[in-house]
Amino acid sequence: MTSQIRPFRIAVPQADLDDLRERLARTRLPRELPGEGWDRGVPGKTLRELAAYWAEEFDWREQEAALNRFPQFMTEIDGQDLHFLHVRSPEPGALPLLLHHGWPNTFAEFARLIGPLTDPGAHGGDPAQAFHVVVPSLPGFGFSAPPRGTGWDAARVAQLSAELMRRLGYDRYGAQGGDFGAYVAPEIATAAPGHVAGVYITGGLGFPTEDDVPELSPDERALYDALMNQDWMHGVDHHALLRAAPQTFAYGWHDSPVGALAWLAQKFHDFNATGKPLEETIDRDLFLTNVSLYWLTDTLGSASWPYYESSGFGWPRGSAEAPSGVYCGPPGIRRLAEKYTKVLHWPEDNPEGHHFLAMDQPEALAADMREFFAKVR
């Protein structure tokens, strides 16, 4: 039966880990280019230290065991084998909640968020605000099968998630997303009208664009200028790169672990708006777990489809079908967000963090999600 849900457990062959270490040991590094810090990309010293740690000290088996503590499953939907975590709360009245990761991340993004959501009482929260957590791996990411053919977008992924929740027996649930997940989560409310209690997005709602500038007030224009001056707005344009020639770059990413490591280190650096070094923002083992999942599942190429299937870039709009909340308000402008979204939750004083908040600020993110979903339960 295509609707069968099958238990899944990560078990990477030892030969694959041995191959990874051998490739790392044979790395041919380039000459250092002139420039300060990250001016020309990942600094040689940073990459050498990361690669050495990955080869000699990082313990994949320890990380694999930690991930396997979360119940994992596979099911086939729309011709796709879909991998997902399904972690039920000990609290009987818990609200089911979908978490959607983005690029270049994996389900491991939520490893430190799941506990505070499923068992808030153990993390200083109210047990009445617990969640049953479901974390799908996006098609082509990690252990989910790559998309078959073209024509995939956020709306089609949302249909997979809505069907997954139906199979799990959940009639009413919340949907969360960050990065590409911020486009998927609102689409679930469209795909499953009446079933989504609320949509929660980590950031991006109401971000002003050049088209909005003529109607901005002086205070709003200041927010727009601040947005345009953020370092993360001026990193490597992965949208253009992956839209233009993902197959070309995939050869290097799949053949060289240091090439893959450098690419992901560059993007995690670009996405870091904290002003602190990356190693002080996201735990090194958690970052390398994410890198290892891409390498060990051969998905650095197949995970680029959200970009080569797109025609350009636009900020997420949220949903008009269900109440919405956001972790980060400014530099978003609430009145712009409300053109498309039923905004119920718009905090302006949450702790700042990395673009991948669940890896950097899991406790703060969990607390804000509990606050939002308490309004829609």
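Trainee: What should I know before I start?

Mentor: This is a predicted model, where local features need pLDDT of at least 70, side-chain atom pairs count only at pLDDT 80 or more, and totals for chains, interfaces and linings use all residues. Residues are numbered from 1 along each chain as its sequence is written, and side-chain values use heavy atoms, with hydrogens and water left out.

Trainee: Let's begin with one residue. Where is S292, and is S292 buried or exposed?

Mentor: Helices (H or I, at least four residues) and strands (E, at least two) are DSSP runs, numbered from the N terminus. S292 belongs to helix α11, which covers residues 284-297. Buried means under 20% relative accessible area, exposed over 50%, and partly exposed in between, with a 1.4 Å probe and protein chains only. With a relative accessible area of 2%, S292 is buried.

Trainee: Which residues is S292 in contact with, leaving aside its neighbours within four places in sequence?

Mentor: Contact means heavy atoms within 4.5 Å. By that rule S292 is in contact with W54, F58 and W60. There is also a polar pair: a polar atom of the S292 side chain lies 2.7 Å from the backbone oxygen of L288.

Trainee: How do I describe the way two helices pack?

Mentor: Two packed helices are described by the angle between their axes and the distance between the axes. Axes are lines fitted to C-alpha atoms, for helices over the stretch in contact, and angles run from 0 to 180 degrees between N-to-C directions. Here helix α3 (residues 60-67) packs with α11 at an angle of about 90°, and the axes are 11 Å apart. That makes α3 roughly perpendicular to α11; the label covers 65 to 115 degrees, while under 35 counts as roughly parallel, over 145 as roughly antiparallel and the rest as oblique.

Trainee: Which residues in α3 and α11 meet?

Mentor: From α3 come W60, Q63 and L67, and they meet D285, T289, S292, L293 and L296 of α11. An α-helix has 3.6 residues a turn, so residues three or four places apart point the same way.

Trainee: Which strands pair with β7?

Mentor: Two strands pair if DSSP finds at least two bridges between them. Strands β6 and β7 run parallel and are joined by 5 bridges, with Y173 partnered by V196 in β7. Strand β7 also pairs with β8 in the parallel sense, over 3 bridges, and there V199 has S324 as its bridge partner.

Trainee: What about H86?

Mentor: H86 sits in strand β3 and is buried, at 12% relative accessible area. Its side chain makes a polar contact of 2.7 Å with that of Y170. A polar contact is a pair of N or O atoms within 3.5 Å; within protein, one must be able to donate a hydrogen and the other to accept it, and residues adjacent in sequence count only if both atoms are side-chain atoms. Not counting residues up to four places away in sequence, H86 touches P71, F73, V133, V134, L168 and Y170.

Trainee: Where should I look for backbone geometry worth a check?

Mentor: Start with the cis peptide bonds. One joins W103 and P104, with omega about -5°, and P104 is in the loop between β4 (95-100) and α4 (114-118). Another joins P330 and P331, with omega about 10°, and P331 is in the loop between β8 (323-326) and α13 (334-337).
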